[in-house]
Amino acid sequence: MNEDIFQGYKGQALTVLKKFKIKVWSQVEIDTTRGLFKGTILPRSENDDDRHIVLKISTGYNIGINVETIQSIKEFGYKKAKYQIKEREFPYSDEKPNVKLLGTGGTIASRLDYRTGAVIPAFSPGELYGAVPELADICNIKTEKLFAVFSENMGPEEYKALAVAIEKEIEKGIDGIIIGHGTDTLHHTAAALTYMIQNPPIPIILVGSQRSSDRPSSDAALNLMHAAYAAGHSDIAEVLVCMFGPTSDEYGFLHRGTRVRKMHSSYRSTFRTIGDIPLAKVTKSSVEHLKDSYNPRRKDRKVKILPYFNEKVSIVFYYPNMKPDIIDSLVENGYKGIVIAGTGLGHVNKPLYPAIERAVARNVAIYMTVQTLWGYVHMHVYETGRDLLTKGIIPAGNMLPEVAYIKLGWVLGQTDDLEEVKKIMLTPIQDDITLREPYNGYLIYQGGVPEVEEFIRKFRK
Amino acid sequence: MKRDFDPSGNYKLTKNAVGYVPLHQATQADYERVGFKAGLEVHQQLKTEKKLFCNCPARIYNEYDDYDAEIIRHMRPTLSELGEYDGTALMEFKTRKTIIYRIKNETACTYDIDDTPPFPLNKQALEIALEIALLCNLNIVGEVHITRKQYLDGSIPTGFQRTAILGVEGEIQLRNKTVRLIQLSIEEDSCREVSDIGHIRTYQTDRLGIPLIETVTYPDFAHPEEVREGAEYIRFLNRSTGRVRTGIGAGREDVNVSCRGGTRVEIKGVSHNKWIPKITHNEVFRQWSLLRIREILNEKVKDPNAWRIHHKFLNPETFNFTYEPLLFARQNNQKIVVLNLPQFKGILSHFTQPGKIFADELSDRLKVIACLEKPNIIHSEQIEKILPDAQLHRVLDTVKTGSNDAQLIIWGPEDDIPTALETIEERCRMALERVPNESRKSQEDGTTIFERVLPGPDRMYPDTDSEPIALDNDYIDKLKKNLPVGIHKRYDQLRNWEIPEDTYNYILRNNLVPVIERIIEKLGVNPKFAGTLFGHDLKHIQGKNAHSSEWSYERIFELIKFLQQRKIDLALTKVMIPVIFQHPEMDFDSILTEVNFVRTPREKILKKIPQLQKKFKENDTLRDQGAETRWIMGELRKSALGNMSLAELKKSVEHAEKT
């Protein structure tokens with residue numbers, strides 16, 4: 001076997017290891033100008049410098065030794081770590097619903113990758129059961145790893161592969177689907193699957209974790225339990241995102257795939273339904289509906305898969321003083337669709353007008369959304385808006401910018417006929433455009449206000 | 001069946017059999033007999049403006065009920081870097097605790113509640129910690145690696161403490177021996193516990209994240225007093241930098257103790273060094289007692305692996321319990337269980353610590369692991385009666401199988417009973433095998449209670465959120481140049497100045513040698529006067545008066561300088577310091593007025609002596625010679641103070657008395 005015995009070491013550090021004939025996992029005594037150090041040589045993260053060697057000392061801590069201070073290294077043993085997640089046979093039972101977990105690269109339980117310092121997910125049912133035994137009380141789980149990519153690397157090919165895999169599972173009679181996914185682009189994938197899988201008879205639940213599963217306080221296990229309950233038991237047969245409601249370990253929300261957005265870079269309760277309320281609250285043993293209208297679970301296995309996507313679509317986040325060359329360069333590079341996240345009610349500045357005209361003349365579909373995220377595009381209110389309408393920009397209602405991007409890519413993947421594109425774009429699918437905005441669809445309360453503080457103190461976040 | 005067993009007598013008998021002697025009677029020979037061995041883990045908060053991994057202010061404490069929000073978390077064990085689950089981790093998971101964190105916006109941010117990754121490590125804290133590491137003669141690492149140390153008790157919301165080693169293998173020089181140091185680490189402080197009842201534990205997050213160092217010694221201490229000396233030494237050393245926090249909880253010690261054949265037991269949270277001797281003394285005898293228990297059991301139980309408890313659920317209707325906890329259990333549909341422990345007769349009431357018996361070891365674990373609040377057991381060797389004899393025996397006899405057995409009654413919510421039974425069987429079986437590895441909490445009476453299974457190196461995990469920090473030679477060399485003088489050298493200095501030894505503790509505890517040194521060297525003050533001014537007078541004043549937050553020892557230096565410039569005798573400091581202590585912002589001239597100082601020429605004071613002599617003789621002729629001097633001194637003291645040396649005045653009075 002061709003094993004890398006200097007895992008992650010390079011440059012000076014590698015030279016020193018070779019000089020003293022020392023490999024990773026060697027137990028050593030290192031004599032340095034700073035004194036004697038004793039421990040086991042660990043692999044080094046590839047992105048770290050080449051001036052240090054990492055040592056695990058007997059108390060379990062890691063330290064780094066500067067190679068320039070090393071006078072000699074003596075090897076007295078070898079102890080390779082065997083990293084294995086405890087595996088236990090998953091106890092299947094006929095009484096419980098069957099759920100399929102499709103893996104894309106998110107972490108539920110995990111192990112450490114020394115090369116990158118990142119964590120590698122545990123995934124087989126046995127591993128999952130070893131890490132989260134409560135799952136067996138909820139449903140029967142089978143798993144399949146479709147890909148292992150970070151969330152930011154998920155794209156059209158992965159969306160399509162997921163849609164096809166889900167179709168197969170539905171045909172085989174599964175009761176619910178869980179998709180493990182990194183959280184960064186979880187809402188993009190959720191939107192894509194909503195469009196690509198039309199009228200599913202079962203719940204399709206996307207889930208991830210905000211705080212990595214290698215920490216005791218991770219939200220991963222509880223999110224997974226919530227997702228398992230929603231997939232196996234809930235009556236909502238839609239593509240949903242299942243993540244923490246509050247930051248506390250209390251309950252999760254089921255969000256529609258077309259109205260959900262990641263709103264905080266690290267909070268557990270980062271996913272919020274924008275411009276509406278979540279469909280339901282979910283715990284390890286219950287689903288409490290918050291909205292009455294949804295697609296109910298069905299016994300049939302009918303599902304329509306539309307796995308299409310045109311990658312020549314872009315999203316432009318408008319800023320003051322944006323120059324027309326931004327739009328021009330997209331058109332010159334063959335882009336067929338542009339979603340603009342405009343200011344306020346859906347505006348851009350005048351200098352952009354000629355570029356927009358040029359784009360429309362070359363049959364580029366341009367849709368307007370709002371960078372305020374909440375609220376509708378209203379292009380009739382101000383002159384700027386009316387101008388833009390005349391130039392051929394199409395307002396996309398209260399569709400979220402990312403959702404509009406995914407939808408436009410999906411529509412352009414099916415047809416070039418801009419009238420047809422417009423018809424599909426503006427026909428609401430799973431509330432991607434809502435006809436009304438409920439009063440409680442926009443709730444960003446400010447801390448410091450006495451009654452808000454009282455609310456927070458009384459009802460935990 | 002015979003009912004003649006006397007638990008109280010058994011306690012005394014076993015206490016003698018173990019050879020327990022009280023602390024004040026114990027000699028080095030006693031500690032050698034039991035193989036006393038101890039080490040220290042000294043925690044010290046660093047004086048930084050901000051917390052270690054975020055920008056919250058360090059060290060503002062809130063009242064426990066003063067909070068803006070609460071957050072709930074549960075802790076789940078994860079694998080260590082080497083692929084092991086830690087023993088403690090699994091135990092804590094068994095306890096299924098709901099952890100509630102109380103957050104006050106001024107003292108905690110989203111990092112504290114683990115909703116934001118760490119910010120770069122506080123450089124100010126790193127520098128202070130490195131200074132101390134250098135003072136401890138440790139080998140400084142080349143690169144600091146932040147490690148996660150798992151804590152599933154909830155004391156840190158992430159479930160781990162971010163910590164990093166700065167140096168390994170150092171030593172400190174005590175009076176009679178050198179003590180080796182294993183390591184020094186920098187870490188974030190944990191939450192303060194508000195309460196822990198049943199399955200809910202509540203913490204407040206104000207202390208969380210304050211920079212802390214932990215100095216760990218080898219188990220080189222062979223006597224409880226030596227442990228205390230080591231703790232004092234490390235505390236003084238930390239304080240000698242002038243850059244660590246003082247006050248309640250700013251320095252805390254964990255003490256590791258073992259006896260020969262015993263095991264390392266960690267006693268946590270000893271917040272006063274004066275408690276150390278008694279706690280370590282009691283612990284070594286607790287372990288010694290557990291070994292004796294093992295010996296007794298090993299003679300009776302042939303196959304420890306086959307040893308089992310037997311239990312029965314009681315039908316509460318059959319017994320007319322009047323004992324409050326059992327009534328409560330019955331009213332709340334809890335389960336009442338009676339257990340038989342084969343061959344444990346005489347063990348439950350066996351001495352373990354002063355006032356404690358083996359049954360307490362079971363009760364402590366039931367509270368921590370099975371979440372059964374105390375009182376949580378009744379047993380067959382109860383020293384104080386709880387149930388009427390007849391009733392107790394009627395209950396116990398339902399499971400009793402042999403005359404050498406012992407029995408327990410436990411009660412609690414149905415869900416907790418399986419864990420409770422497991423816990424009892426586990427602890428009893430350990431009694432057959434070894435002294436369990438555990439961490440224990442110190443109590444004010446010098447005894448300890450079970451806190452958790454002692455965690456091992458398996459709970460360490462690299463922090464993937466933080467980058468390693470290189471410590472280059474230039475940086476370390478720069479720090480080395482500005483180090484304070486070592487504590488053993490400070491001791492030498494004090495001795496050379498002939499400052500009385502009873503002042504050392506106060507002087508070193510408050511890091512006063514530098515200011516005393518300046519008073520002696522720059523102001524030319526007599527060292528003994530300077531030393532006792534701090535170590536006796538100031539200590540006395542401090543004990544009686546609360547000081548203002550503006551107070552600084554530096555004011556004493558300024559005061560002496562002021563008095564010298566005004567040519568006022570330094571004895572006046574004794575009346576001025578109490579005022580300065582309470583009003584440090586007051587200028588010295590005003591203080592002179594405040595203490596009613598009137599400038600009087602020396603001659604004028606001395607002139608009063610003959611008059612006073614006369615007056616004394618008129619009123620009282622029967623007293624001894626010294627009485628006259630004492631009385632005259634008393635009359636003149638006030639006006640003389642500051643105007644002339646009292647020693648000189650006394651000489652003149654004595655001289656006058658003789659003539």
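Which residues in helix 5 of chain B meet helix 6 of chain B, and which residues in helix 6 do they meet? In this predicted model, B:Pro224, B:Glu225, B:Val227, B:Arg228 and B:Ala231 of helix 5 meet B:Ile276, B:Pro277, B:Thr280 and B:His281 of helix 6. By residue class, this contact divides into five nonpolar, two polar and two charged residues.

**Helices 5 and 6 of chain B**

Helix 5 of chain B covers residues 224–239 and helix 6 of chain B covers residues 276–300; their axes come within 8 Å and cross at roughly 135°. Angles over 145 degrees would count as roughly antiparallel, and 65 to 115 as roughly perpendicular; helix 5 of chain B and helix 6 of chain B are therefore oblique to each other. The handedness of their crossing is right-handed.

Helix 6 of chain B also holds B:Glu299. Is B:Glu299 buried or exposed? A residue counts as exposed if 12 or fewer other C-beta atoms lie within 10 Å of its own; B:Glu299 is exposed because 9 other C-beta atoms are found within 10 Å. Between the C-alpha atoms of B:Glu299 and B:Gln343 there are 9.9 Å, and the two residues are 44 residues apart along the chain.

**The contact between the chains**

Across the interface, 46 residues of chain A are in contact with 47 residues of chain B. On the side of chain B that touches chain A, at least two residues each come from strand 2 (69–73), strand 4 (139–140), strand 6 (147–150), strand 7 (160–173), strand 8 (178–188) and strand 22 (460–462) of chain B. Strand 2 of chain B provides the largest share of this side, five residues. In composition, the side of chain B that touches chain A has 23 nonpolar, 15 polar and nine charged residues.

**Sheets and strand pairs**

In chain A, an open sheet of four strands has the order 20-21-22-23, with parallel pairing. Its edge strands, each pairing on one side only, are strand 20 (313–317) and strand 23 (394–395) of chain A. In chain B, another four strands form an open sheet in the order 14-15-19-18, and here the pairing is antiparallel. The edge strands of this chain B sheet are strand 14 (310–313) and strand 18 (377–379), each of which pairs on one side only.

| Strand pair | Bridges | Sense |
|---|---|---|
| Strand 20 and strand 21 (residues 337–342) of chain A | five bridges | parallel |
| Strand 18 and strand 19 (residues 406–412) of chain B | three bridges | antiparallel |

Helix 8 of chain B (residues 358–369) lies across strand 18 and strand 19 of chain B and runs at about 160° to strand 18.

**A covered helix in chain A**

Helix 4 of chain A (residues 186–196) is mostly covered, with 11 of its 11 residues buried. Among them are A:His187, A:His188, A:Leu193, A:Tyr195 and A:Met196.

How values were computed: Residues numbered from 1 in each chain as written. Chains lettered and ligands numbered in written order. Predicted model: local features only at pLDDT ≥ 70, side-chain atom pairs only at ≥ 80, totals over all residues. Buried ≥ 20, exposed ≤ 12 C-beta atoms within 10 Å, placed from the backbone. Contact = placed C-beta atoms within 7 Å. Nonpolar A, V, L, I, M, F, W, Y, C, P; charged D, E, K, R; others polar. Pairing = 2+ DSSP bridges. Axes fitted to C-alpha atoms, helices over the stretch in contact; angles between N-to-C directions. Parallel < 35°, antiparallel > 145°, perpendicular 65-115°, else oblique. Left-handed = near helix turned anticlockwise from the far one by under 90°.
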